[in-house]
Amino acid sequence: MALHTAGIHHITAYAQDPQRNVDFYTGVLGLRMVKKTVNYDAPEVYHLYFGDEEGHPGTIITFFPSSASRRGIRGGGQVGYTTFVVPTGALPYWEQRLRSFSVPVMKAFRFNEHYLQFSDRDGLSLELVEREDGPKSSWSVDDVTPETAIKGFGGAVLFSNKWKETKKALEEVMGLTFMGEDVNYARFQSAGSFGNVIDLPMRDIPLGAGGAGTTHHIAWRAQEDGEHGKWHEWVKQHGFHPTDIRNRNYFKALYFRERGGILFEIATDPPGFTVDEDLDSLGEQLKLPAWFEPERARIEEDLEPIQVKIQERGNSSDIH
Ligand code: ZN
């Protein structure tokens, strides 16, 4: 039986200074830091997760911030724009808010929707779109209210080095539905209520280079563990070479690179971010998987301390 993902689970990107990364995603965009852990493949680097109050699948952007990172080059084989969705009527608020934090904004229009495009402090391309879809956010920061707060991902714009191959992977492997074309874009949609709209420029884009300000991968949702095993088979049946299934503590993961150069992950919805912390205190402590606990002292010593602070527009004050 054909498998269909519900949509995006998370998107992972690179950044430089960890505190600057926290300041932007919590203090400016108003997301919650739902997990502070390390890169399981390189524990000297943080792995920070930002999302809605609970870190629901479809709301989570994650970073490997390291002051030692080089700047990357955005291009084919990456997520070109990460799209966040806000309630209808919220774009003027965001335009003003972003400008008040000295974030330049640009406007774009496609598929009959207005987009506000901007970059994070490392140059990662982001955009906001208004849609009715998905529940309003219950996480309030500064003057961001449920009427304006980011609800999660709207979707993503994928930059492909072989766009026809990426189109095939989206439709035939991930089970997205082709919705139509608008000027230079093809649009695909999945069944989830948000994080479900993928736009693909219909041209081959020269490969980028990984580094700060670029994405590492896009993860798609598998709703439970049983389904995840089926995805492994399914991906193989389509001629791709998935990794083995890896335990990422908050979800299980497998990875494969589609032929347009983009690294796809398939991640399970369960168990989620409350598996090792209470909902009330998500993101407050450095959480390590059991296999790194014996090395905690050394790992903590190597990491720069970070904290979540209210951003006072040019000024900042602690809230913890
Ligand atoms: Zn991932």
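## A predicted model and its local features

S102 is found in the loop between α2 (91-100) and β6 (106-110). Helices and strands are DSSP runs, numbered from the N terminus: helices are H or I with at least four residues, strands are E with at least two. This is a predicted model, in which local features need pLDDT of at least 70 and side-chain atom pairs count only at pLDDT 80 or more, while totals for chains, interfaces and linings use all residues. Residues are numbered from 1 along each chain as its sequence is written, and side-chain values use heavy atoms, with hydrogens and water left out.

### Backbone

Most residues other than glycine have a negative phi, and most peptide bonds are trans. S102 has a positive phi, near 60°. S102 is exposed, with a relative accessible area of 60%. Here buried means under 20% relative accessible area, exposed means over 50%, and partly exposed lies in between (1.4 Å probe, protein chains only).

V183 is another residue other than glycine with a positive phi, near 50°. V183 lies in the loop between β10 (177-182) and β11 (185-189). Its relative accessibility is 68%, so V183 counts as exposed.

A cis peptide bond joins P270 and P271, with omega at about 0°. P271 sits in the loop between β16 and α5.

### Zinc site

Which residues coordinate the zinc ion? They are H10 (NE2), H217 (NE2) and E265 (OE), at 1.9 to 2.0 Å. Donors are N, O and S atoms within 2.8 Å of the metal (3.2 Å for Na, K and Ca); water is not among the atoms, so sites may look incomplete. Along the chain the donors follow the spacing H-x206-H-x47-E. H10 in strand β1 (residues 8-15) and E265 in strand β16 are 255 residues apart, and the pair links distant parts of the chain. H10 counts as buried at 2% relative accessibility. E265 counts as buried at 0%.

### Aromatic rings and charges

A pair of aromatic rings is described by the distance of the centres and the angle of the planes. Rings of Phe, Tyr and Trp (its six-membered ring) pair if their centres lie within 6.5 Å; planes under 30 degrees apart count as stacked, over 60 as edge-to-face and the rest as tilted. The whole structure holds 17 aromatic pairs. Two of them are listed here.

| Pair | Centre to centre | Angle between planes | Type |
|---|---|---|---|
| F24 and Y25 | 5.2 Å | 75° | edge-to-face |
| Y40 and W291 | 5.4 Å | 85° | edge-to-face |

Y40 lies in the loop between β2 (32-39) and β3 (42-51), and W291 in the loop between β16 (263-268) and α5 (296-302), so their pair ties together parts 251 residues apart in sequence. Y40 is buried, at 12% relative accessibility. W291 is partly exposed, at 45%.

F24 and Y25 are both buried. With F50 and F63, they form one aromatic cluster.

Charges also sit over rings. The test is that NZ of Lys or CZ of Arg is within 6 Å of the ring centre and within 35 degrees of the ring normal. R74 lies over the face of Y81, 4.9 Å from the ring centre. The charged end of K167 sits over the ring of F178, 4.6 Å from its centre.

### Helices

Helix α1 (residues 18-28) is mostly covered, with ten of its eleven residues buried. Among them are F24, Y25 and V28. G30 follows α1 and has a positive phi, near 80°.

Helix α3 (residues 163-173) has W163, T166, A169, L170 and V173 as its buried residues. They cover an arc of only 135° around the axis, which puts them on the same side of α3. The arc is that of the directions from the helix axis to the C-beta atoms. G175 follows α3, with a positive phi near 75°.

### Interior

In soluble globular proteins, nonpolar side chains tend to be buried together. A nonpolar core is a set of buried Ala, Val, Leu, Ile, Met, Phe, Trp, Tyr and Cys residues joined through side-chain atoms within 4.5 Å. The largest has 69 residues, and L29 and W94 have the most contacts inside it. Apart from it lies another core of 13 residues, including A219, Y250, F273 and L282.
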